Amino acid sequence: MDRKELIQQIREKQSFLCVGLDTDIDKIPQCIIDEAKAKDGDDYIFRALCEFNALIIDATAPYCVAYKPNLAFYEAYGVDGILAFEATIDYLKEEYPNHFIIADAKRGDIGNTSKMYAKTFFEQYDVDALTVAPYMGEDSVTPFLGYKDKWVILLALTSNKGSHDFQLLPVDSSQLTVDSSNPSQLSTKERLFEKVLKKSQEWGNDENMMYVVGATQGQMFEDIRRVAPRHFLLVPGVGAQGGSLEEVCKYGMIPGDIGLLVNSSRGIIYASQGEDFAEVAGQKAKELQEQMAKIIQNS
């Protein structure tokens with residue numbers, strides 16, 4: 001999916017919601033577990049993951065534009081988990097082909113290894129986007145950028161507490177060429193995440209690269225937008241992690257193009273542990289979509 005198509009989906013649905021499929025056997029409703037065990041006995045994990053995901057997707061699809069299965073929650077269950085991830089991707093492509101699919105895998109390694117990761121996710125699974133860790137530099141990222149209408153989503157400023165350990169550290173930028181007309185660039189010190197944003201724009205552009213910026217970072221979105229004014233941002237942390245949708249949009253939205261995919265995982269998919277879990281998930285997604293529609297209309 002290219003940028004124009006993604007923006008079109010956002011405008012048509014009046015939503016920039018991404019639903020995170022962080023599917024954990026220990027958290028999904030017991031009714032799904034019981035049904036899967038009744039059919040498959042001890043080999044119930046594949047069926048349980050697939051059934052839960054399908055019901056969540058069916059309930060939330062009208063209100064979101066993207067889904068983000070997190071690979072860790074599938075790899076944890078070995079072959080059954082990987083097969084469930086594949087089945088979920090296939091289900092989305094068959095039933096909801098206009099939804100943007102992000103594989104949240106946080107890959108990134110030396111060039112030949114990244115090349116194989118890219119082949120896995122963009123050829124084998126054929127997802128739209130992949131999260132990538134940028135800290136091994138250019139040759140670890142560029143292999144992912146050679147695919148038409150596919151996106152790299154680089155970790156920039158994440159929502160976790162530990163993000164402050166490294167991402168906000170000042171680094172010496174005295175050797176950088178700065179634009180004297182832009183006061184925000186005149187300091188010889190910039191934070192590491194700003195260095196990542198600037199340097200990575202030499203590798204990709206706003207047609208094939210997004211950035212992960214946690215909703216809990218609040219007004220820091222102003223700093224992000226000074227460095228990356230046109231790139232889409234994938235924003236986790238709204239809901240269960242306490243991030244504010246209004247604050248994210250105030251500081252991070254691009255007029256007209258929106259430029260945001262706001263992800264909610266636990267706050268939607270685990271909103272109920274009862275047999276009504278899918279219905280409740282749909283309602284939570286709808287509530288977020290309605291908030292987003294108002295923001296879009298007032299922007």
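View 1. Met 1 is buried, with a relative accessible area of 16%. Here buried means under 20% relative accessible area, exposed means over 50%, and partly exposed lies in between (1.4 Å probe, protein chains only). This is a predicted model, in which local features need pLDDT of at least 70, side-chain atom pairs count only at pLDDT 80 or more, and totals for chains, interfaces and linings use all residues. Residues are numbered from 1 along each chain as its sequence is written, and side-chain values use heavy atoms, with hydrogens and water left out. Met 1 sits in the segment before helix 1 (3–13). Helices (H or I, at least four residues) and strands (E, at least two) are DSSP runs, numbered from the N terminus. Which residues does Met 1 touch, not counting those up to four places away in sequence? They are Leu 6, Gln 9, Asn 98, His 99, Phe 100, Asp 128, Asp 149 and Trp 151. A contact means heavy atoms within 4.5 Å. Pro 29 is 28 residues from Met 1 in sequence, and their C-alpha atoms are 33 Å apart.

**View 2. Helix 6 has a buried side and a face turned away from it.** Helix 6 covers residues 111–124, which makes 14 residues. From first C-alpha to last it reaches 19 Å, close to the 20 Å expected at 1.5 Å a residue. That expected span is 1.5 Å times one less than the number of residues. Ser 114, Ala 118, Phe 121 and Phe 122 are buried in helix 6. Why do they lie on the same side of helix 6? They cover an arc of only 85 degrees around the axis. The arc is that of the directions from the helix axis to the C-beta atoms. An α-helix has 3.6 residues a turn, so residues three or four places apart point the same way. The buried residues of helix 6 pack against helix 5 (78–95), strand 3 (100–107), strand 4 (129–132), helix 7 (138–141) and strand 5 (151–157). The face turned away from the buried side carries exposed Asn 112, Lys 115 and Gln 124.

**View 3. Asp 126 and Lys 150 form a salt bridge.** Their closest N and O atoms are 2.6 Å apart. The pair links distant parts of the chain, 24 residues apart. Asp 126 is in the loop between helix 6 and strand 4, while Lys 150 is in the loop between helix 7 and strand 5. A salt bridge is a side-chain nitrogen of Lys or Arg within 4 Å of a carboxyl oxygen of Asp or Glu. Asp 126 is partly exposed at 33% relative accessible area, whereas Lys 150 is buried at 10%. Asp 149 lies in the loop between helix 7 and strand 5 and is partly exposed at 31% relative accessibility. Most residues other than glycine have a negative phi.

**View 4. Asp 257 and Arg 230 join two loops.** Their side chains meet in a salt bridge (2.5 Å, N to O). Asp 257 lies in the loop between helix 11 and strand 10, and Arg 230 in the loop between helix 10 and strand 9, so the pair ties together parts 27 residues apart in sequence. Arg 3, Arg 11, Arg 230 and Asp 257 are linked in a network of salt bridges. Ile 258 is in the loop between helix 11 (245–252) and strand 10 (260–264). Ile 258 has a positive phi near 70 degrees and is buried, with a relative accessible area of 3%.

**View 5. Arg 191 and Asp 223 meet in a salt bridge.** The N to O distance is 3.1 Å. Arg 191 lies in strand 7 (residues 189–191) and Asp 223 in helix 10, so the pair ties together parts 32 residues apart in sequence. Arg 191 counts as partly exposed at 22% relative accessibility, and Asp 223 as buried at 12%. How many salt bridges does a search of the whole structure find? It finds 16.
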